Amino acid sequence: MKLEMIKKIAIIGAGTMGPGIAQVFAMHAYEVVLFDIDTEKRQNAKKMIRVNLETFVEEGYLAAEAVTAVLDRIAIVDTMAAAVADAQFVIESVSEKPEIKQLVYREMDALLSPDVIIVSNASALNPFSLMPERRLRSMAAAHFFAPPHIVPLVEVAVNEQTSEETLNTVMSLLTKCEKVPVKLEKFLPGYMINRFQIILNTEIFYLLDNGYCTPEQIDLAVKSSFMLRGMVLGLVQRYDFTGLDISANNIINGSYVMPEMPERPPCLFDKVERGELGVKTGKGFYDYQGRSAEDVQKKRDKMLLKVLKATKSLMDEQI
């Protein structure tokens, strides 16, 4: 399947990621059909996309008169068959549970013609191991990041059977839709960014549980240091500026010892047990009470769009 053949994109799953992914493609003139088995998620999806588009208008990323056209390109349906009918490109974004993904793949397999490209938004599971083998040639993984309608990165991975044409089409489509697709040389669970975040989690929970600092202190320190520097140097090039000899000596000296990740970090699990789950419940590590989840997410999106506008040109530059 070549890029110019793609006219209709089906997205399976309308939870955290599906609506934002649908918005990305609809904003770039593709017909999009979104499906979820959950009635409430289907009902909320269009509302969520409308709020996102209003934020884009307010921040100068979209003309006000374009909102209706974008929304008109998104259909929300109540069956898988209706979603994938005549689609040339299907994105699976359902729950990260093997048994659910496998059921979805089996249903897709029965409905789709052989040349349709199937892409999984799985973040930790190996989706290739769950897909019927005859579909692997036209399958890739494309891991979006929340909020997908703003964050540029999409991590792309393939299996040994994925055709070169499939990979090229996935990469080209994402680029056309103003995403930054980064291909892994080979698939591994968690891709790149989630693996970095797991290592960060170990230190964050260690620092919090042992009383070294507060959530606010961690976030202020990070935003004032390596996140700022990271937009210019990333994670690897910074070693060249520090000096590889200094980094090597730090490892040899052994003054830093990585803490073990406890099975249930108290700072996290105590909050979960109290029902403090973050923005969706009004409280997590921070307190959001008195504001709706929609208002908090809208403020987040506005801030992210400002950062994106200020830093977008740096992504293509090299020192």
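**Legends: Ile74 and its chain**

View 1. Ile74 has a relative accessibility of 3%, so it counts as buried (under 20% relative accessible area with a 1.4 Å probe, protein chains only; exposed is over 50%, partly exposed in between). This is a predicted model, in which local features need pLDDT of at least 70, side-chain atom pairs count only at pLDDT 80 or more, and totals for chains, interfaces and linings use all residues. Residues are numbered from 1 along each chain as its sequence is written, and side-chain values use heavy atoms, with hydrogens and water left out. Ile74 belongs to strand S3, residues 74-77; strands (E, at least two residues) and helices (H or I, at least four) are DSSP runs numbered from the N terminus.

**View 2. What surrounds Ile74.** Apart from neighbours within four places in sequence, Ile74 has contacts (heavy atoms within 4.5 Å) with Ala22, Gln23, Ala26, Val32, Lys46 and Ile49. Leu233 is 159 residues from Ile74 along the chain, and their C-alpha atoms are 38 Å apart.

**View 3. The chain as a whole.** The chain contains 13 helices and eight strands. Its C-alpha trace spans about 60 × 50 × 40 Å along the principal axes. Of the 319 residues, 41% are buried. Among contacts with a separation of 6 or more, 66% join residues 24 or more positions apart.
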